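User: Please take a close look at one part of this model. Then set that part in the context of the chain as a whole.

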Amino acid sequence: MKYLPIDRQLFIKNRSKFISKMKPNSLAVFNSNDIYPISADSTMPFQQHRDIFYLSGVDQEESVLVLFPDCPKEKNREILFLKETNEHIAIWEGEKLTKERAFEVSGVKTVYWLQDMEKVLFEIMTQCDTIYINTNEHYRSNVEVETREDRFTKWLKEKYPAHAVAKSNPILQQLRSVKEDIEIDLIQKACDITEKGFRRILGFVQPGVMEYEIEAEYIHEFIRNRSKGFAYTPIVASGNNANVLHYIENNQECRSGDLILMDVGAEYANYSSDMTRTIPVSGRFSKRQKAVYNAVLKVKNEATKMLVPGTFWEQYHIEVGKFMTSELLGLGLLDKADIQNENPDWPAYKKYFMHGTSHHMGLDTHDYGILTEPMQKNMVFTVEPGIYIPEEGFGIRIEDDVVIQKTGAPLNLMKNIPIEVDEIESLMNA
């Protein structure tokens with residue numbers, strides 16, 4: 001791994017929180033992700049399942065975590081099963097976790113090799129009543145492939161059909177949405193790396209540069225700062241490309257007079273950052289571009305103030321819509337008749353700002369969080385309003401990552417990333 005070691009106390013505490021939510025005499029199992037094939041002998045880069053990482057810090061394939069807090073045998077109350085390493089694997093694939101190193105990373109004392117799992121699992125399954133399975137219930141989930149977790153769940157339910165079944169995900173949705181201080185530090189590190197990438201870009205962009213060259217500059221800066229790369233597929237959208245919300249081709253020339261919308265974030269230690277900045281190709285905003293930019297920035301600043309404990313997701317977005325409506329009226333993009341005749345289910349402002357303003361962020365860029373529950377201290381959110389005007393050939397989005405505080409305004413993890421028009425223009429023309 002490129003990242004520096006993480007204090008295992010984080011994972012010990014995360015397991016303790018999860019265990020406190022489990023039913024009596026129950027057992028929970030968490031699997032690593034597969035390494036996904038492309039074709040022939042090619043595979044995609046491994047990405048660890050965020051839940052087993054959250055609970056153990058283990059960041060390699062073919063790993064299984066079992067939690068059984070009421071197990072009669074104390075040594076089996078927390079178990080890691082790992083792929084057995086040997087000299088051959090070390091030569092061809094690199095070093096894997098030993099039992100000793102797994103304890104150092106996770107704090108789990110009992111580590112078995114994976115080939116012993118069925119035997120050990122049979123013993124402890126005879127001692128529990130309920131099994132927690134780990135399903136993906138994120139509100140944006142749209143997965144068509146069968147995961148390692150899915151296969152394991154099928155096998156487990158077929159082999160032990162008499163056990164009651166419970167779900168891990170509702171517990172994890174609550175726990176993972178509220179970050180520990182160590183987690184916030186890791187997200188801050190990801191944001192700091194993103195800042196370095198953005199500052200590099202400000203000195204690089206000029207008319208004639210290709211969108212993919214900008215993408216390459218980011219990845220250069222990210223990797224040299226211990227990130228394994230982008231937290232999500234980057235958007236580098238010049239001109240009218242910015243009006244395609246999920247534009248990822250990044251293959252067009254950046255032309256004089258255009259703007260570039262860059263939705264880009266580095267990961268660090270599997271934690272995400274999520275930044276959007278919009279800058280002028282030529283180093284100067286036009287009067288109209290500047291007016292729209294400042295309107296988006298004003299909405300972002302007003303929206304950020306609302307991210308405090310007790311705020312509800314639905315009402316927050318209603319209020320942000322009011323801020324945006326006011327700005328669009330001021331820009332002449334809407335008039336009073338548009339507001340009077342609007343469809344309440346799709347307000348007039350949605351013509352120019354059609355996506356949500358915020359989402360939870362953490363181990364996943366769109367992280368776990370229950371949207372019907374009030375916001376809490378140490379939740380991390382993006383704030384990302386935008387105005388998209390295809391008829392004028394540009395779109396503007398601005399996005400920061402913030403942490404809800406016990407009192408007062410949220411902590412902006414991207415407060416040092418240039419955002420004001422004057423600062424961006426000054427740095428681009430230095």
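Analyst: Ala269 is buried, its relative accessible area being 0%; buried means under 20%, exposed over 50%, and partly exposed in between, with a 1.4 Å probe and protein chains only. The model is predicted, so local features need pLDDT of at least 70 and side-chain atom pairs count only at pLDDT 80 or more, whereas totals for chains, interfaces and linings use all residues. Numbering runs from 1 along each chain as its sequence is written, and side-chain values use heavy atoms, leaving out hydrogens and water.

Ala269 sits in the loop that joins strand S11 (267-268) to strand S12 (271-272). Helices (H or I, at least four residues) and strands (E, at least two) are DSSP runs numbered from the N terminus. The backbone of Ala269 has a positive phi of about 55 degrees, although the residue is not a glycine.

Asn250 also has a positive phi without being a glycine, with a value near 50 degrees. Its loop runs between strand S9 (235-238) and strand S10 (259-264). Asn250 is buried, at 1% relative accessible area.

Ser282, in the loop between strand S13 (275-280) and H10, is partly exposed, at 34%. Ser282 touches Pro207, Ser256 and Gly257, with residues up to four places away in sequence not counted; contact means heavy atoms within 4.5 Å. From the C-alpha atom of Ser282 to that of Gly208 is 9.8 Å, although 74 residues separate them along the chain.

Thr311 belongs to the loop from helix H10 (287-305) to helix H11 (313-330). Its relative accessible area is 14%, which means that Thr311 is buried. Leaving out residues up to four places away in sequence, Thr311 touches Met306, Tyr316, Pro374 and Met375.

Beyond four places in sequence, Ile214 is in contact with Ile201, Phe204, Val205, Val209, Val236, Cys254, Ile260 and Met262.

Helix H7 (residues 169-177) is mostly covered, with seven of its nine residues buried. These are Asn169, Ile171, Leu172, Gln173, Leu175, Arg176 and Ser177. Their cover includes helices H1 (9-19) and H2 (50-56), together with strands S1 (26-31), S7 (130-133), S8 (164-167) and S14 (380-383).

As for the whole chain, there are 13 helices and 18 strands. Of its 430 residues, 54% count as buried. Along the principal axes, the C-alpha atoms fill a box of roughly 70 × 50 × 40 Å. Among contacts with a separation of 6 or more, residues 24 or more positions apart account for 72%.
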